[in-house]
Amino acid sequence: MQFKGTLYLPGDKSISHRAIMLSSIANGKSIIRNLNDGDDLQSTISVLKACGAKINRINKTIEVEGVDLISPNKELDCGNSGTTTRLVSGLLSSQGLNFTLIGDDSLSSRPMKRIIIPLQKMGCNISSSNNVLPLIIDAKKGTYPIDYKVPVASAQVKSCILLAALGADKPSTIQEDILTRNHTEIMLSTMGASVSVQDKIITINPLNSKLSPIDITIPSDPSSAAFFAALAVLNDDSELTLNNVLLNKTRIGFMEVLKKMNCHLSIDNKQLNNGEEVGDITFSTSTIHSTEIESKIVPAIIDEIPILAVVAAYSNGVTIFRNVEELKYKECDRLHAIIHNLNAFGINAYEKEDSLFVEGGKPDKLAEIATFHDHRIAMAFTILSLTSFGKYHLDNKDCIDISLPNFFNLIKRVAK
Ligand code: S3P
């Protein structure tokens with residue numbers, strides 16, 4: 001099959017969550033265009049509405065009228081969304097609220113100790129059994145400042161603390177070993193908060209006045225773009241251009257990896273949008289080389305490893321992804337899910353000491369995709385199956401709605 005054309009993908013999921021959350025506590029009306037249309041965003045919107053947020057869709061635009069959020073009178077259902085859970089925990093704590101977070105089976109088995117510890121140090125009273133959801137957080141006394149070194153490379157944990165620190169009475173500092181996605185820092189400072197970064201230490205001041213509202217067109221999601229990048233590079237006579245994609249360095253590690261794998265890509269029309277770089281990216285048919293991916297780049301490709309593992313399946317050697325243990329704590333155990341599906345399609349892949357090894361070759365067995373109800377596993381292996389067999393069978397299509405409900409239509413639009 002060939003894939004040709006130009007696509008304008010929905011907004012970045014991470015920036016969309018932050019735009020809804022921060023505009024909910026801003027001083028006035030924010031305008032948000034190209035919001036990510038997946039189910040995770042609906043979780044954030046319904047959680048905040050239960051706390052009094054005023055969020056309305058007017059045609060394709062979302063208008064958010066900033067308010068003083070209030071403690072909800074029901075449990076807050078975060079659905080499948082780790083970003084909702086961890087960021088909302090910080091945001092609502094900064095507002096001095098009392099709330100209970102719940103989620104679906106996948107979210108209810110994901111680790112929350114990583115936010116419980118810093119939030120407790122910031123004075124929140126938290127109960128949870130086994131450090132998983134439900135989390136009952138009482139932050140009625142407000143939050144204390146903190147100086148904290150984040151022990152895992154996680155933007156969700158960093159953002160939880162940054163947001164909680166907005167409600168303290170003195171500055172806080174947060175240190176990370178490897179820079180993770182920094183959209184919270186960028187958006188907070190665009191909206192008037194005082195945040196500075198030096199040598200991987202972020203200093204954040206409490207809000208002494210409300211955030212300014214924001215007017216933003218959310219850049220297209222690079223994590224969604226990665227699936228179409230793979231479609232273009234893996235298929236003969238193919239070329240896809242993806243417009244207005246977020247180019248934040250903490251997010252486009254997959255493009256560096258693709259370049260190392262000998263993939264053809266080019267970027268045009270670079271611009272700045274509310275502090276974030278965006279541009280148009282063109283990917284075309286390439287001969288894939290194997291590569292070794294070092295642990296320091298892992299945070300910048302964390303959500304793209306499933307699709308990069310699929311690209312590696314078509315290479316001329318063994319591709320190694322070093323230190324990818326964090327994959328085990330995503331919407332499913334992605335390390336297991338990647339290996340399971342690659343093996344099912346006839347590719348030798350295995351785990352050794354938290355690194356993933358993929359022996360390139362040719363997927364030669366048509367298998368049913370075991371999604372483990374994980375959107376990114378479903379999409380990555382749909383690309384593999386389409387590329388090698390021109391068809392796909394998924395054990396669950398609906399999970400794709402989490403981040404890119406229009407996935408199959410977008411593929412149809414560029415299939416020639
Ligand atoms: C996200 C951070 C990452 C990423 C997730 C979105 C965010 O999670 O995997 O899809 O928006 O902050 P971790 O911070 O847990 O690595």
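Predicted model: local features only at pLDDT ≥ 70, side-chain atom pairs only at ≥ 80, totals over all residues.
**Stop 1: the ligand.** The ligand sits in the largest pocket. Now show the residues around it: S14, R18, T83, R86, S154, A155, Q156, R181, I302, D303 and K330. Colour this shell by residue type and you will find 2 nonpolar, 4 polar and 5 charged residues.

Stop 2: Zoom in on S14, where a polar side-chain atom lies 2.7 Å from an oxygen atom of the ligand. Move on to K330, which also places a polar side-chain atom 2.7 Å from a ligand oxygen. At A155, look at the backbone instead: one of its polar atoms is 2.8 Å from an oxygen atom of the ligand. Taken alone, the ligand exposes 380 Å², and the protein buries 95% of that.

**Stop 3: helices and domains.** Switch to a cartoon view and pick out α1 (13-24), α3 (82-94) and α5 (155-165), each of which supplies at least two residues of the shell. Next, colour domain 1 (13-215) and domain 2 (219-414) separately. Both give residues to the shell, so the ligand lies between them.

**Stop 4: the backbone.** Most peptide bonds are trans, and most residues other than glycine have a negative phi. Select L133 and P134 to see a cis peptide bond, with omega about -5 degrees. P134 belongs to the loop between β7 (125-127) and β8 (135-138). Finish at D237, a residue other than glycine whose phi is positive, near 45 degrees. You will find D237 in the loop that runs between α7 (222-234) and β14 (239-246).

Notes: Residues numbered from 1 in each chain as written. Heavy atoms only, no water. Near = heavy atom within 4 Å. Polar contact = N/O pair within 3.5 Å; in protein donor to acceptor, adjacent residues only side chain to side chain. Areas by Shrake-Rupley, 256 points an atom, 1.4 Å probe, with all protein chains shown as cover. 1 Å grid on protein atoms, 1.4 Å probe; cavity = no way out; pocket = protein on both sides within 12 Å on 5 of 7 lines; lining within 4 Å. Sits in = over half its atoms within 2 Å of the grid points. Helix = DSSP H or I, 4+ residues; strand = E, 2+ residues; numbered from the N terminus. Nonpolar A, V, L, I, M, F, W, Y, C, P; charged D, E, K, R; others polar. Domains from an automatic or database assignment.
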